[in-house]
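This briefing is meant for a reader who is meeting the structure for the first time. Please look over the sequence and the model shown here before turning to the points that follow.

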Amino acid sequence: MYRCSCKIPCNKSTTMWGFSMTQFQGVRARSAQEFSGYIGTARNFRLLSDKLRGTGAAPDSYQRLYIPADIRRVRCHELGIPQDVAASESGKVEAAGKAGFRRPKVINCRIPKGGVGKTTVAGNLAVGLAYFGHRVLLIDADPQASLTNLLGIDPSANIPAHIGTLLRRVALGEPTQVDQAVRAIHDEHMLDIIPCDITLANEAWLMGATGREFLFSRLLEQEAAFFSRYDVVLIDSAPGSSMLTTTMLVGSDHVLAVVTPESQAIAALEVLASNIADVKSALRAVELDVKILVNRFNSARRPHMDTLSFLASQYPGQIIETVVRDFIGFLREVSPEKIETNAPLLEKEPASIGARDIIDVTKSLIQQYDIRIAGHQQILRAA
Amino acid sequence: MSARKAIKLSGLVNAGKVIVTEPSGPSLLAQALQMQPEAAQDAPVVEPSLPAALPIQPSPSPLSGEPSSPSNVLQQVRLDTLYVSPYQPRTRMSDEAMDFLRASVDVLGITAPITVRPVAAPAGAAVLGEKASPTGQMFEIVCGHRRTEAARSLGLDTVPAYVRTLTDEEAEQLARLDNENSEPLCDFDRAKNFAAGKRKGLTQSRIAQEFGCSQALVSECLALLDLPPDFLQILERNPAAFSAKTGKVIRDLRLAYPENTAVIVEAVQRIADGKLDQKALRASVELRLQPVTATRNTHRRVVDKQGKTLFTLHLKPKERSVIVQCDQADADLDAIEALLRAALESAQQP
C-alpha cells in the first residue's frame with residue numbers, strides 16, 4: 001500500500017495503480033462518534049458499535065473505519081429507535097387503520113444558473129446525510145451526469161436505466177423495475193444513486209405523455225414500498241428549464257436553490273421564481289418550499305459581502321444560516337482520468353474546512369426539513 | 001473534526017458586515033411561492049433559523065463627521081475670531097513642513113478650506129489673532145490648525161472655512177482623526193489621542209480600528225505615557241524627541257538597571273538635543289553602566305604623585321609574561337631594566 005500523493009493526512013492509501021482503495025469505505029472513530037452524536041469514551045463507542053453490528057471485536061479494530069450503517073445503528077440506539085426498525089428495508093406505517101408506506105423527504109437542488117455548485121452540494125449533502133445515519137437516494141436528473149461522475153461512476157459505461165427511463169415506464173404503464181436503475185454506493189442502502197447519462201436529454205417522448213408533470217409524483221406513489229426504505233431523496237436537476245425539470249419539481253417537497261454570491265446567480269433566483277409561478281398557476285396542488293444556500297463564499301471579497309447583504313434583505317428567513325466557503329478541496333473531488341477515484345469532499349477529506357461547512361449545512365437542513373431516521377423525529381444536540 | 005469554525009449569516013449580520021435593509025416589496029420568489037394560499041399544510045412546521053424580518057442594523061461608523069444639522073456653509077472667517085481646538089493633539093509643528101506649507105499658501109492661498117465650528121468664547125482658550133474681537137461670532141478650529149498658522153504667519157486676515165455645527169464629541173473625533181492624515185503625528189501626540197480613546201473605555205483593537213493603525217502601534221504609544229516624569233518632561237518640551245520604539249528600549253533599560261535611571265535620562269536628553277541617535281541609546285547606556293572589567297589582559301598602572309602614568313603593566317597569564325610599558329617619554333630603558341632585575345632577584349629570597 002502506498003500513501004496517496006495529496007498531502008492531506010487521511011486514512012486513505014493507494015495501490016500501485018494509484019487509485020484510492022478506501023473511498024466510500026468509511027470514516028475514522030472520532031468522526032464517526034461525532035456523527036452519531038454519541039457522548040462517551042472512544043472505547044465505549046467502539047464496543048457499542050461492535051455489539052450492534054453483531055460481530056465480535058476484531059483484534060485491531062482500534063484503527064478501523066466506520067461505515068454509515070454503523071453510525072445509523074449507534075444513532076438509532078442513542079435515539080431509542082428499535083434496531084429492527086432501523087435495519088428494516090421497508091417503511092411500513094399504519095395510518096388511520098390503513099397500511100401505507102413512509103414517504104421520504106424529497107429535496108430538489110435546482111437553480112437555473114449552471115456552475116454554482118449544485119452537483120457538489122447535492123453529492124456532499126447526500127454523503128453528509130448518510131453519515132448522520134439517514135438512508136439517502138440520489139437521483140441524477142441532469143443529462144450532463146455530473147453527479148454520476150462525482151460518485152465515481154462512468155456515465156459512458158453501461159447505464160441500464162435512468163430516471164427518464166423510469167418515468168417513461170410509468171407513462172406507458174409498464175412495470176417500473178426500479179431496482180434495475182439503482183446503484184449502491186454505501187452498504188445497506190445508506191447511499192444509493194440512480195445515475196444517468198446523456199440519453200436522459202431525449203425527452204421528446206415527454207411531450208406526448210398525458211399528465212407529464214405528475215410522472216415523478218406517480219412514480220413515488222407507485223413505488224412507495226421501494227422509496228419508503230429511504231429517509232431522504234436528493235435530486236440534482238439540470239440548470240436549464242425543461243419538461244423534465246418541471247416534472248421533477250412537481251414531485252419534490254423542498255427546493256434547495258444553490259447560489260454563488262454573484263449577481264448572475266442572484267438573477268437566476270428570479271428565473272426560478274417564474275418557474276415556480278408557472279408550475280403553480282398550471283397545477284394547483286403543488287406545495288413547494290424554497291431555501292437558498294450560498295456557495296463559494298469568499299469573505300475577503302467585498303462584492304460577496306454586498307451580495308450577501310442584498311440576499312439577506314431580499315429573502316429574509318430563506319437563506320441557510322451556514323455559508324459554504326470557497327474551498328480548493330472541492331476541486332479535488334473529481335479527476336478526468338480516474339473516474340473511479342472520484343468522491344465528494346466529505347468522503348475524501350472529512351476534516352477539511354469545506355467538509356465542516358457541509359456538515360453544518362447538513363445539520364441545519366436536518367432540522368429545518370425535519371428529516372427523520374426511519375420516521376422517528378430526532379433532536380440534534382448542538383455541536 | 002477540527003476545522004475552523006463555519007461562517008454563519010447571522011454572525012455576519014451581527015458583526016455589521018452584512019447589512020440588511022427592508023426590501024421594497026416581496027421578492028418574486030416569495031410571490032411565486034405564495035400563489036396558492038388555500039393549499040393544505042401537510043408539511044411539518046419548520047423553525048426558520050432567521051426571524052421573518054431581520055432587524056435593520058445600520059453599521060456604526062467611527063467617522064460620524066456629518067454634523068448634527070446640515071449647515072455646512074463655506075465662508076471667509078477672520079483669523080482673530082478663531083480659537084485653537086482643545087482637542088488638537090499636535091503640540092508642535094515641524095519647521096520644515098511649516099515652511100513648505102507657508103510657501104504653498106503664499107502662492108496659492110489656502111486651497112482646502114479649514115473646518116470650524118461656532119462657539120461661545122471660552123475662558124482661557126488660545127486665540128489665534130493678535131486682538132480678540134469681543135463682538136461677533138467666535139469659532140473653534142476643528143481641522144486646519146497648520147493651515148491657519150501658515151496664514152497667520154503670512155499676515156493674512158481671513159481664511160476660507162466650512163462652518164459646521166458640531167457637538168463636542170464630534171469635534172473631538174474630527175480633530176483627532178483628521179491629523180493622522182496630514183503631517184503624521186509624532187508618537188507622543190498619537191499617544192495622547194489614544195489615551196483619549198482609552199479614557200472612553202475602548203479596547204486597544206477598537207482604538208486601532210478607529211485611527212486606522214495597528215493594535216501594536218496603539219499599545220506601544222500608550223506605553224510611552226507610562227514612563228516616569230523625567231522622560232515625560234523631555235517629551236512635553238519636544239514631542240518629537242523620541243519614538244515609541246525608543247520608549248520600549250527605555251523600559252528595558254530601566255528594568256535592567258533600576259538604580260541608574262539618571263544615566264538613562266541623560267542619554268535620552270542627548271537624543272532630544274540631537275547629539276545621540278535613537279538607535280544608539282541602548283549601546284550608549286550599556287557602555288556607561290557596565291563595569292570595565294571586560295578585558296582579560298589587565299592593565300596595571302603605576303602613577304606618580306600627580307597621577308601621571310609612569311608605567312603600564314600588561315599581564316598575559318596565558319603567555320606567562322609581564323610586560324612593562326614605559327609611558328614616560330624620556331624613559332631610560334637600561335636603568336629600568338636594572339631596577340627590575342634587582343627587584344626580581346631580591347624576590348627570590350624566601
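This is a predicted model: local features need pLDDT of at least 70, side-chain atom pairs count only at pLDDT 80 or more; totals for chains, interfaces and linings use all residues.

A:His189 is partly exposed, with a relative accessible area of 22%, which lies in the range between buried, meaning under 20%, and exposed, meaning over 50%.

- A:His189 is not a glycine, and yet its phi is positive, at about 60 degrees.
- A:His189 is placed in the loop between β7 and β8 of chain A, and these two strands run antiparallel and are joined by two bridges, with β8(A) covering residues 191-194.
- Within this pairing, A:Ala184 has A:Asp192 of β8(A) as its bridge partner.

**The sheet of chain A**

- Strands of a sheet pair through backbone hydrogen bonds, and they do so either parallel or antiparallel.
- In chain A, seven strands form an open sheet with mixed pairing, and their order is β7-β8-β6-β9-β5-β10-β11.
- The edges of this sheet are formed by β7 (183-184) and β11 (289-294) of chain A, each of which pairs on one side only.
- Helix α12 of chain A, which covers residues 263-282, lies across β10 (254-259) and β11 of chain A, and the helix runs at about 155 degrees to β10(A).

**Chain A as a whole**

- Chain A contains 15 helices and 12 strands.
- Chain A has 383 residues, of which 58% count as buried.
- Among the contacts in chain A with a separation of 6 or more, 73% are made by residues 24 or more positions apart.

**A:Ala171 and its contacts**

- A:Ala171 belongs to helix α7 of chain A, which covers residues 163-172, and with a relative accessible area of 29% the residue A:Ala171 is partly exposed.
- When neighbours within four places in sequence are left aside, A:Ala171 is in contact with A:Trp205, A:Ala209 and A:Leu215.
- A:Ala171 and A:Thr210 are separated by 39 residues in sequence, while the distance between them in space is 7.5 Å, taken from C-alpha to C-alpha.

**Strand β4 of chain B and its partners**

- Strand β4 of chain B, which covers residues 114-119, is mostly covered, with five of its six residues buried.
- β4(B) runs parallel to strand β6 (residues 158-164) of chain B, and three bridges join the two strands; in this pairing, B:Val163 of β6(B) is the bridge partner of B:Val116.
- β4(B) also pairs with strand β5 (residues 138-143) of chain B, here in the antiparallel sense and over five bridges, and B:Arg117 stands opposite B:Glu140 in β5(B).

**A loop residue of chain B**

- B:Arg320 is a residue other than glycine with a positive phi, near 55 degrees, and B:Arg320 lies in the loop between β8 (309-316) and β9 (321-326) of chain B.
- B:Arg320 counts as exposed because its relative accessibility is 79%, and exposed means over 50%.

**The cavities**

- Rolling a probe the size of a water molecule over the atoms shows where empty space is left.
- By residue type, the lining of the largest cavity divides into four nonpolar, three polar and four charged residues.
- The second largest cavity has a volume of about 40 Å³, and of the 13 residues that line this second cavity, A:Arg72, A:Arg102, A:Arg135, A:Ser228 and A:Arg229 lie nearest its centre.
- The lining of the second largest cavity divides into four nonpolar, four polar and five charged residues.

Terms used:
Residues are numbered from 1 along each chain as its sequence is written. Chains are lettered from A and ligands numbered from 1 in the order in which they are written. Side-chain values use heavy atoms; hydrogens and water are left out. Ala, Val, Leu, Ile, Met, Phe, Trp, Tyr, Cys and Pro count as nonpolar, Asp, Glu, Lys and Arg as charged, and the others, Gly among them, as polar. On a 1 Å grid over the protein atoms alone, a cavity is a set of points where a 1.4 Å probe fits but cannot get out, and a pocket is an open set with protein on both sides within 12 Å along at least five of seven lines; lining residues have an atom within 4 Å of a point. Grid points are joined across faces, edges and corners, and a volume is the space filled by probe spheres set on the points. Two strands pair if DSSP finds at least two bridges between them. Helices (H or I, at least four residues) and strands (E, at least two) are DSSP runs, numbered from the N terminus. Contact means heavy atoms within 4.5 Å. Axes are lines fitted to C-alpha atoms, for helices over the stretch in contact, and angles run from 0 to 180 degrees between N-to-C directions. Buried means under 20% relative accessible area, exposed over 50%, partly exposed in between (1.4 Å probe, protein chains only).
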